[in-house]
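This report looks at how two neighbouring chains of an assembly meet. The sequence and the structure come before the discussion.

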6 protein chains.
Amino acid sequence: MTQTRARADAGNPLAGFKVGREPYFRAIGNEVELYEAAYRTRMPVMLKGPTGCGKTRFVEHMAWKLNRPLITISCHEDMTASDLVGRYLLDAGGTVWHDGPLTLAVRHGAICYLDEIVEARQDTTVVIHSLTDDRRMLPLEKKNEVVQAHPDFQIVISYNPGYQSVLKDLKESTKQRFGAIGFSYPSPEIEAEIVMREAGVDRRAADTLVCIAKRSRNLKGQGLDEGASTRMLINAGLLIAGGIPIAEACQVAMVVPITDDPDLRDALTGAIAACI
Amino acid sequence: MTQTRARADAGNPLAGFKVGREPYFRAIGNEVELYEAAYRTRMPVMLKGPTGCGKTRFVEHMAWKLNRPLITISCHEDMTASDLVGRYLLDAGGTVWHDGPLTLAVRHGAICYLDEIVEARQDTTVVIHSLTDDRRMLPLEKKNEVVQAHPDFQIVISYNPGYQSVLKDLKESTKQRFGAIGFSYPSPEIEAEIVMREAGVDRRAADTLVCIAKRSRNLKGQGLDEGASTRMLINAGLLIAGGIPIAEACQVAMVVPITDDPDLRDALTGAIAACI
Amino acid sequence: MTQTRARADAGNPLAGFKVGREPYFRAIGNEVELYEAAYRTRMPVMLKGPTGCGKTRFVEHMAWKLNRPLITISCHEDMTASDLVGRYLLDAGGTVWHDGPLTLAVRHGAICYLDEIVEARQDTTVVIHSLTDDRRMLPLEKKNEVVQAHPDFQIVISYNPGYQSVLKDLKESTKQRFGAIGFSYPSPEIEAEIVMREAGVDRRAADTLVCIAKRSRNLKGQGLDEGASTRMLINAGLLIAGGIPIAEACQVAMVVPITDDPDLRDALTGAIAACI
Amino acid sequence: MTQTRARADAGNPLAGFKVGREPYFRAIGNEVELYEAAYRTRMPVMLKGPTGCGKTRFVEHMAWKLNRPLITISCHEDMTASDLVGRYLLDAGGTVWHDGPLTLAVRHGAICYLDEIVEARQDTTVVIHSLTDDRRMLPLEKKNEVVQAHPDFQIVISYNPGYQSVLKDLKESTKQRFGAIGFSYPSPEIEAEIVMREAGVDRRAADTLVCIAKRSRNLKGQGLDEGASTRMLINAGLLIAGGIPIAEACQVAMVVPITDDPDLRDALTGAIAACI
Amino acid sequence: MTQTRARADAGNPLAGFKVGREPYFRAIGNEVELYEAAYRTRMPVMLKGPTGCGKTRFVEHMAWKLNRPLITISCHEDMTASDLVGRYLLDAGGTVWHDGPLTLAVRHGAICYLDEIVEARQDTTVVIHSLTDDRRMLPLEKKNEVVQAHPDFQIVISYNPGYQSVLKDLKESTKQRFGAIGFSYPSPEIEAEIVMREAGVDRRAADTLVCIAKRSRNLKGQGLDEGASTRMLINAGLLIAGGIPIAEACQVAMVVPITDDPDLRDALTGAIAACI
Amino acid sequence: MTQTRARADAGNPLAGFKVGREPYFRAIGNEVELYEAAYRTRMPVMLKGPTGCGKTRFVEHMAWKLNRPLITISCHEDMTASDLVGRYLLDAGGTVWHDGPLTLAVRHGAICYLDEIVEARQDTTVVIHSLTDDRRMLPLEKKNEVVQAHPDFQIVISYNPGYQSVLKDLKESTKQRFGAIGFSYPSPEIEAEIVMREAGVDRRAADTLVCIAKRSRNLKGQGLDEGASTRMLINAGLLIAGGIPIAEACQVAMVVPITDDPDLRDALTGAIAACI
């Protein structure tokens, strides 16, 4: 559990956004090199992949590696452009402008990570357009100010291909502005290593959990929207480390949260029994 | 009727949220042990089960047992992220930030119980994402502050499988963050015990009510959305203890509130007659 | 016409909500006893029945009988939780909290009557959940205050079964919290008695009006959403007492307001002719 | 053109709402007597009838005859309950409550005319419920004040049967609270009399216009939503009195405004030619 | 390019709205006489016709001719009644009422031109009802003030028959309040005259453009929503006068803006080639 | 990367909007001459063409060439007329009017570029109507001020024909006000030249990328919404210049961002292999 974030102090507005300790990240391919090449030209980056496979962890790791502050914004459908860019607030002496998190990153040079940007309303996507071409500027229309991006500023977004629909997708003209790096579940070997490290269980328990995960992922499309993520294996591992029997821990972390369908529950329970 | 809640005083902002007296809870399985194991690693917990089977009572009981303050938030579709996180209010000297109930829990270390979170708008669900992975932080975007969760903080949500629809369900990426504990109606023996204790009726009346409940639950899916809950049995018991004849008390507490269909009313009336 | 309500004075915030004179109510069954039993345990009560059959009058009568202040709230689809619970208003010295009508009732011990609660948005229904189980508390989330209900507080709602649709109905988990008392049109004998008393007409005119009402109610489902209510009979009676001929009074009070369909108008006119 | 309205002065808040000069109204049936009987018991009144047949003029006439101030509110779908009831406004010393037009009428005893109330949102309709039964009170929920209606207060609404749809209609429980008076086009004799008086044309021109109106009304349902109203005849008459030839005046006032369909225009032009 | 408008000064609130120089208008029929007759009785006027045929120019011309100030309001679907009527604004000493443009016209006697009123929300249309019958008054509901219209005030609206749909049309009860004047494209002779004067091209170029316009208008309904308007001919003429070859000028002004369909582009290009 | 924009200083409100250094633009046809002719008469201009083909760069280039300030506004569906025109803000001494970006351009004489105006709500489109005919004025309705456009002011909009739908398109009456200049992808020769200059790669790499782009564009309509834009070629080039192998760079910049369909990914991968 990292304790590295704190309130931004007045001296350096990004002081609270430095990633203090190295976040654990286990690379699968050349994602680190690709990201570094993109960052050198400050190319906007899109991280693509399913739920719980480590996209957020990766960007935290890269911000730590490049020693840049990281501002993460979880997008949602009620988020407005003002939530990103800033707004006027009423103070003792009248209205005062407060930079939003995106403006803060643009002005002072952070990596700005817009998590699941496709969830946000269109005004959010449009706001980043002038930041993702060679203009690299952010117009604050309500202030009649144009902020030229700090040389260190970069924009990163995440995108889960399984979630998009016709109604909710990025526009072509937005997608074309990004270099994209794909993510997927790690190999069994690497995944077991991650579970051991994160949950504090031994090799045997980790292998069992990875075995169950594999079978769960095979059920995807047969009633299950997504198979068990690495995150769920870690949750199961934490319960096991806390003394809960493995079958029960798997029920709590990998079965009950994701389905109420009796047949699927049976199939998942069978997968657990087969791997233990 | 517990009288344990009062206005939060200035000294300890969570003082008003301690559960003062032990709330009565009759365990059915190992739900207490599972919850304790989850709380030890501060794993987010999802309580799953039908209406009126004791999920809210359980979390009150656990908060009392673990001696942690409990902040309960009933979610609804007009709830916004600001209702959870906080907002600026205008004071004599300008705008002042007021922590919302979630921020209060995160900052000072309460158990935060989001009841029927699936009813809320998506921005609410997204707000908890960074609190339910290893970051355990809450970004207050309007303040440019990042609150690192207090070590005692834990998040608990309730989820009624019978209510979800395609339009209104938690996203896969949200579900996978939780360990889940299932709840269902207690055994006849235990349920009668609960009714006797809560309504103040004798064994015979309690057994009769449990008998009616069983028949009512068998009608589920045959026009009835859900059968009689333990809460309804207690309501009937209270009327009986207040001098209302048992058949009439059952009509008021277990028939008239849930259906206007003549056939279903007949079926339920028949069930009552058969058990008395 | 009762003249008993006046502005709440500062001394007792509920002073203006006492029902000063006995409202006329003619019981049909044991509804008074059932309500008294429910009130003794402060059980939430649902009054069920068609338009204009006396639900509002009944709750006014019971509040008078039990000598409790009554706060009535007519729900509608633009009503928000804040309208019920309260909000911050800007005063000379900054924002000041104002209790809404529900909070007023909870804090000081009134009967709170939510008329046609199903019309309100879901946040309204959710707000009452913690008031309708053994917690009996109202969280004021915007204030971070939890109000424990006054021992005299009780919640009453009305529900018209004919109005509900799939889109607009109380949730199972809300319905199960209430004891329900059913209302319907009174017997001809009692209804004539009510019309004589309320409209000031003689027995013969009252009997004629009740005769027309009966025929009108038989047309329900044949183009008419609901038959004539007791309220409409009283309106017709008032016009008769004011010198308007009975046939014309019935047109004004019982035909023209509810239908523009020529066939239905003919049928209703025929019913009037048959009873005079 | 009446010049009787002026800004409400501070002394009598309804001073500006008295109808100063007798508005011309030509009764067709016993509508005046019915209204007077309804007003004696302060029964809520619904005026039913097609566009431009004199409903507004009637209520102005009755207010003048009964010597009561008249507050007219044109309802529309963006009207809120606050627009009717009142709201807090910010003043030098903080927020101050301002009565809305309905509250003004209720408090000081005007006739309140809600024109086309069915256009308003449901909260508007619900607001009038407690004013249209024997409670005759208006709860100002935002103020926690209950206003008992002034003895002279009466509510009047208009309702155009041709406009209602399933989506937009008054609820049964609203309709049943009103006595209803029907309006339709006057007889040719009376209509010509009205046109002569209002437009200042001679008998012959008036008869011609009424002849055209009759033919136009026969086209209703054959492509035309409504036939020519008395108001349109007066408009044509005014142009004729201003020197425009009759055929051209009829085109401007009775054809071009209501249809762009060539066949209907031909039919209407033929009707004009046939009557001149 | 008229330079006649400036900020309203404090002395005469309508000073900035006088039309200073005669706007060029070439009458086609008796529209000027009809308008003058309507203005004499202050009859509300509706100008009907397709895009770019001179409705706005006509009302500017008439305002100049009658020497009345002109307030033009371009309606749109986000326009509210408050945008027309006025609102309270917060000033140093509290809230102060600011008349909207419609109220300004009503109070001080301007012609108020609501351009494409059908685009506005219904509350806008309803606001003008009491101004378009013999009451000629504007209720400012938020102020409890009734403004009696200045004797010079008149209301004018524009209406494009080609744009209306079932969802978006004026209500019958609104249409019937207006005298309507129809507009269409001028004859070739007159249109060439207009183009010469407005674009500064010679007769030959003007005739060519009018020839192209005629062919373009024949394509209406065959994939083209509307043919070339007089305004487009003037645009083409301006480019020709600026040295662009005629075929290219016609592409820029008359083809590329209105269609991307290859076949239609070919047809229009053929029309250009045929006329040059 | 241009560094030419800075905060507007108080002396000249448009000082921050001058384009300081010549933006690189490679003309394909006579677009520069057409624009200059349009600007001479201040004709409103519409730039039409697909994503990433250089419309924004063109208007930046022309503003630099004509030495006029440029205010760019990225439109989106939550943009309101107030965002363009301005609003009242609360200051120490009450409300103060702040010009929006459009008003700023109109008042002081900038070129105002509304990027993808079709995304905005209709009120935005209507606001520009009086600026795009011979009135050249902007009514600030909330201020009762009419701003006559500065002689240097011009309006430019962009329009992507591939994005329009029935629900979201400019109205005929808007389109007809503009002269339109069409844009498309440059010829292979010119495109390679642009990629070399912008990404810093050699001729061979540039030719390879242009070869891939051509094949990608042929897939348009076969599952791909749009082919690779010039912008994407530059992104790939930047990665190549940063040391990433060409096949991998093309995956990151030209495949992964735009499709998740396995067949399309194969087709694009084949296109890359064929060109290298």
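Two residues are taken to be in contact when heavy atoms of theirs lie within 4.5 Å. In this predicted model, the contact between the two chains draws 44 residues from chain C and 54 residues from chain B. Putting chain C and chain B together buries an area of about 4,400 Å², and carbon and sulfur atoms give 54% of that area.

Between chain C and chain B there are two salt bridges, one of which joins the side chains of B:Asp260 and C:Lys48 with an N to O distance of 2.7 Å. Across the interface of chain C and chain B, seven residue pairs, with both residues at pLDDT 80 or more, are in polar contact.

On the side of chain C that touches chain B, the elements giving two or more residues include helix H1 (31-40), strand S1 (45-48), helix H5 (122-127) and strand S9 (179-182) of chain C. The largest share of that side, five residues, comes from H1(C). The make-up of the side by class is set out below.

| Class, side of chain C that touches chain B | Count |
|---|---|
| nonpolar | 14 residues |
| polar | 13 residues |

Technical notes
Residues are numbered from 1 along each chain as its sequence is written. Chains are lettered from A and ligands numbered from 1 in the order in which they are written. This is a predicted model: local features need pLDDT of at least 70, side-chain atom pairs count only at pLDDT 80 or more; totals for chains, interfaces and linings use all residues. Side-chain values use heavy atoms; hydrogens and water are left out. Buried area is the accessible area (1.4 Å probe) that two parts lose on being put together, summed over both. A salt bridge is a side-chain nitrogen of Lys or Arg within 4 Å of a carboxyl oxygen of Asp or Glu. A polar contact is a pair of N or O atoms within 3.5 Å; within protein, one must be able to donate a hydrogen and the other to accept it, and residues adjacent in sequence count only if both atoms are side-chain atoms. Helices (H or I, at least four residues) and strands (E, at least two) are DSSP runs, numbered from the N terminus. Ala, Val, Leu, Ile, Met, Phe, Trp, Tyr, Cys and Pro count as nonpolar, Asp, Glu, Lys and Arg as charged, and the others, Gly among them, as polar.
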